[in-house]
Amino acid sequence: MKNKDLITKFYTCFSNGEAEEMISCYHEHVEFSDPAFGVLKGDEAKNMWRMLIERSKGHLKIEFINVSANDERGSADWTAQYLFSKTGRNVFNEIHAEFDFRDDKIIRHNDNFDIWKWSKQALGLPGVLLGWSSFMQNKIRANARETLKQYVAKRAE
């Protein structure tokens, strides 16, 4: 499979809520990063996608454009519309993704988005007032990591 097709499969599966097919695009030693979770490796990254799809309960709209890739690197722009479960607030997030490939899989995936813009939508007034600050951004990351940790523990039961 060509790398451009791999990215397209990844986002098509995400859009369809197919977590296992989506993460089948990832290398065993994948490294994912974004402003909300920080760096996640291997199963952590895979479980993040499982969790996000499960928690969306089918109310997640994913669209993607500008997919490009060569033998080593790729990128895409994508949007996510969903209800942030902790606050019940609607979020529309615009993300630029970059990828590195190894063994016909995604080995590195970096999502970049405006965390302040996201926090204003997801958190409301606290996000508006403090979403720009490293304090709030660190708190967002800590909460995201803790939620993932709880999800993984519950899955193991």
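Confidence was examined at the outset. The mean pLDDT of the protein is 92. A value of 70 or more is reached by 99% of the residues. Strand β6, residues 105–112, has the highest mean, at 98. Helix α5, residues 125–130, has the lowest, at 77. Where pLDDT is low, predicted coordinates should not be read in detail.

Two helices were then considered together. Helix α3 spans residues 43–56, and helix α6 spans residues 134–156. The two pack with their axes 10 Å apart. The angle between them is about 90 degrees. Angles of 65 to 115 degrees count as roughly perpendicular, so α3 is roughly perpendicular to α6. On the α3 side, the contact is formed by Glu 44, Asn 47, Met 48, Arg 50, Met 51, Glu 54 and Arg 55. On the α6 side, the residues are Arg 145, Thr 147, Leu 148, Tyr 151, Val 152 and Arg 155.

The cysteines were examined next. The structure contains zero disulfides. Cys 13 takes part in none, and the nearest cysteine sulfur to its own, that of Cys 25, lies 5.8 Å away. Cys 25 is likewise in no disulfide, with the sulfur of Cys 13 as its nearest at 5.8 Å. Cys 13 is buried because its relative accessibility is 6%. Cys 25 is buried too, at 1%.

Asn 93 lies in strand β5. Its relative accessibility is 7%, so Asn 93 counts as buried. Beyond its neighbours within four places in sequence, Asn 93 is in contact with Trp 78, Thr 79, Ala 80, Phe 113 and Trp 118. Asp 103 sits in the loop between β5, residues 89–102, and β6. Asp 103 has a relative accessible area of 57%, so this residue is exposed. Asp 103 was also compared with Asp 77. The two are 26 residues apart in sequence. In space, their C-alpha atoms are 23 Å apart.

Notes:
Residues are numbered from 1 along each chain as its sequence is written. This is a predicted model: local features need pLDDT of at least 70, side-chain atom pairs count only at pLDDT 80 or more; totals for chains, interfaces and linings use all residues. Side-chain values use heavy atoms; hydrogens and water are left out. A disulfide is a pair of cysteine sulfur atoms within 2.5 Å. Buried means under 20% relative accessible area, exposed over 50%, partly exposed in between (1.4 Å probe, protein chains only). pLDDT is the predictor's confidence in each residue, from 0 to 100. Helices (H or I, at least four residues) and strands (E, at least two) are DSSP runs, numbered from the N terminus. Axes are lines fitted to C-alpha atoms, for helices over the stretch in contact, and angles run from 0 to 180 degrees between N-to-C directions. Angles under 35 degrees count as roughly parallel, over 145 as roughly antiparallel, 65 to 115 as roughly perpendicular and the rest as oblique. Contact means heavy atoms within 4.5 Å.
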